Amino acid sequence: SVALRPKSPKFTLVPRVARPVLRPLCSLRNFLRAGDNIIILLLLPVLLVLVIQISTWINMGIPYFAGSQLSFIGYLIISAIQLGATIDYAILMSDRYLEFRETMDKSDAAAKALSTSGVSIITSALILTLAGYSYGIVSTLPAISEMGLLLGRGAALSGGMVLLVLPQLLVLFDKPIRMTILRKREGKSK
């Protein structure tokens with residue numbers, strides 16, 4: 001009796017179930033080798049969304065610990081608006097950080113990013129905070145008033161988190177962030 005050998009040993013090492021997952025990854029690797037100039041950011045978007053999402057959770061936790069009622073629709077609307085309206089603060093801060101990180105060390109880059117983008121972030125957060133609070137004070141409908149107050153507080157919390165926590169996270173995770181950024185390839189012509 002003759003033992004049957006597999007034709008290709010590379011396929012015997014990969015279970016049949018994992019092949020659909022691995023094929024797109026191999027295609028992506030080959031696509032990146034082809035010389036296309038793209039930038040992939042893996043860790044940075046997670047940090048940015050995490051900072052804004054933590055401020056949203058704090059914002060939604062305050063009514064709970066204060067013992068006040070919160071309408072379920074208010075939670076859904078404010079979570080979406082707060083994330084969508086305030087993620088720009090984090091993008092601006094991280095973009096400045098990465099720009100300054102090319103020529104400075106990480107703590108100087110964070111300080112410079114904070115000093116250059118801080119005024120824009122404070123201005124935008126202050127406008128959204130005042131608009132939310134004024135909407136919450138002026139409205140006579142309790143649900144609308146609640147959403148205005150949540151939006152105002154959420155914008156203030158998001159602005160504060162971006163100004164106080166995000167620069168620290170950028171410095172702390174500087175090496176993994178820089179490792180997960182694929183830079184444009186130099187010297188390649190199409």
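This is a predicted model: local features need pLDDT of at least 70, side-chain atom pairs count only at pLDDT 80 or more; totals for chains, interfaces and linings use all residues.
View 1. From the N terminus onward, the elements of the protein chain run α-α-α-α-α-α-α-α. Residues are numbered from 1 along each chain as its sequence is written, and side-chain values use heavy atoms, with hydrogens and water left out. Of the 190 residues, 32% count as buried (buried means under 20% relative accessible area, exposed over 50%, partly exposed in between, with a 1.4 Å probe and protein chains only). Among contacts (heavy atoms within 4.5 Å) with a separation of 6 or more, 73% are accounted for by residues 24 or more positions apart. The accessible surface comes to about 12400 Å², and 67% of this area belongs to carbon and sulfur atoms; areas come from the Shrake-Rupley method with a 1.4 Å probe, and for residues only the protein chains shown count as cover.

**View 2. Helix α5 bends at S117****.** Helix α5 covers residues 106-138, which makes 33 residues. From its first C-alpha to its last it reaches 45 Å, close to the 48 Å expected at 1.5 Å a residue (the expected span is 1.5 Å times one less than the number of residues). The helix bends by about 50° at S117, the bend being the angle between axes fitted to the seven residues ending there and the seven starting there. S117 is itself buried, as are A113 and G118. Further buried residues of α5 include A109, I121, A125, T129 and G136. The buried residues of this helix pack against α4 (72-101), α6 (142-164) and α7 (166-172).

**View 3. Two salt bridges are counted in the model****.** Side chains of opposite charge can pair when their charged atoms come close. A salt bridge is a side-chain nitrogen of Lys or Arg within 4 Å of a carboxyl oxygen of Asp or Glu. R101 and D174 form such a pair at 2.9 Å, N to O. This pair links distant parts of the chain, with R101 in helix α4 and D174 in helix α8 (residues 174-179), 73 residues apart. Both R101 and D174 are buried. R96 and E99 also meet in a salt bridge, at 3.5 Å, N to O. Because R96 and E99 are three residues apart in helix α4, about one helical turn separates them. R96 is partly exposed at 29% relative accessible area, and E99 is partly exposed at 39%.

**View 4. A nonpolar patch lies on the surface****.** L50, W57, F72, I73, Y75, L76, I77 and I81 form the patch, with about 770 Å² of accessible area together. Patches are made of residues with over 30% relative accessible area and no salt bridge; like charges are joined within 9 Å, and nonpolar side chains (Val, Leu, Ile, Met, Phe, Trp, Tyr) within 5 Å. Helices α3 (43-66) and α4 each supply at least two residues, and the largest share, six residues, comes from α4. I73 lies in helix α4 and is partly exposed, with a relative accessible area of 39%.

**View 5. W57 lies in helix α3****.** W57 counts as partly exposed at 48% relative accessibility. W57 and G154 are 97 residues apart in sequence and 9.3 Å apart in space, C-alpha to C-alpha.

Definitions and conventions. Helices (H or I, at least four residues) and strands (E, at least two) are DSSP runs, numbered from the N terminus.
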